[in-house]
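Welcome! Here is a short briefing to read alongside the structure shown below.

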Amino acid sequence: MLEALTYPFFQKALTAGLLTGFTGSYYGVFVVQRKISFIGSGLAHAAFGGVALGLLLGVEPLLTAVPFTILVAIAIVYLQKYTQLAADALIGVLFALSVALGIIFLAVKTQYTSDAYSYLFGSILTVNDQEIVISLLLSLVTVLTFFKLWARWAYSTFDVELAGADKVPIEFDNVILILLISVTIVISIKIVGIILISAYLVIPPASARLISSSFGSMTVISVLIGMLSSVMGIMFSYILDLPSGAIIVITQTMIFFVIVLISLIKKNKK
């Protein structure tokens, strides 16, 4: 195992895993607390349409996936505002449209597109320097939001009416939050894939919620679980020679059930 730490590809995988665990688990606390967990899966599948468009045009798929996913995210925000439909219904509609477009884009492309499978299932061991730099920049932006926006996001998460009465720019804040969640999803697709990306936005925050006494502690614990599970998952996948993305998600799920068990034991002792 120690020998693996000397390999550049393994070092890059660990770095990418830590950065993804940090950003995904940080934004995930708002996803879980606002009960919009479906948005992670919905936007990930929306990104599939953008990835397929990039493969069709012969350009870097992330360059088309980012604006494509952001457009879908903005459409969800504004359709929810101007219609009576709930967010999960709108996500379902746009998610189906994006997947359908993605299938058409891949069908139109006559050449074999093996890259599509790497985006569906992830490939953290092949992450390159450019992708790590992009993840690092996103992490730095995320740190800035903690000082500038976290308190406002938390306020409107727990009492949106009172936050509005206090002149918190709720709509602007929601757009910024969902844009950053969209970018996090697209960048993380390379690591765990489109199918599993929603795990980062749901499992660490849900685990943290079980043992947290405040939203602040929930945020910190969620980030720690996200980063720890990334490192453990990558190491387990190397030892067992199994797909990294799936092992990371299984590791997160095991941590979740351990915390559930501990919570139940504590509850029964009271």
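At what angle do helix α2 and helix α4 pack, and how far apart are their axes? Helix α2 (residues 38–57) and helix α4 (residues 87–108) pack at an angle of about 20°, with axes 8 Å apart. That makes α2 roughly parallel to α4, a term for angles under 35 degrees.

This is a predicted model, where local features need pLDDT of at least 70 and side-chain atom pairs count only at pLDDT 80 or more, while totals for chains, interfaces and linings use all residues. Residues are numbered from 1 along each chain as its sequence is written, and side-chain values use heavy atoms, leaving out hydrogens and water.

- The contact (heavy atoms within 4.5 Å) includes Phe 38, Ile 39 and Gly 42 of α2, and Asp 88, Ile 91 and Gly 92 of α4.
- By class, the contact of α2 with α4 has 15 nonpolar, six polar and one charged residues; here Ala, Val, Leu, Ile, Met, Phe, Trp, Tyr, Cys and Pro count as nonpolar, Asp, Glu, Lys and Arg as charged, and the others, Gly among them, as polar.

**Two loop residues**
- Lys 167 lies in the loop between α8 (160–165) and α9 (170–192), and its phi is near 65°, a positive value in a residue other than glycine.
- At 72% relative accessibility, Lys 167 counts as exposed, a term for residues over 50% relative accessible area (1.4 Å probe, protein chains only).
- Asp 241 sits in the loop between α11 (215–240) and α12 (244–269), with phi near 55°, also positive in a residue other than glycine.
- Asp 241 is exposed, with a relative accessible area of 68%.

Terms used. Axes fitted to C-alpha atoms, helices over the stretch in contact; angles between N-to-C directions. Helix = DSSP H or I, 4+ residues; strand = E, 2+ residues; numbered from the N terminus. Parallel < 35°, antiparallel > 145°, perpendicular 65-115°, else oblique. Buried < 20%, exposed > 50% of the residue type's maximum accessible area, 1.4 Å probe, protein only.
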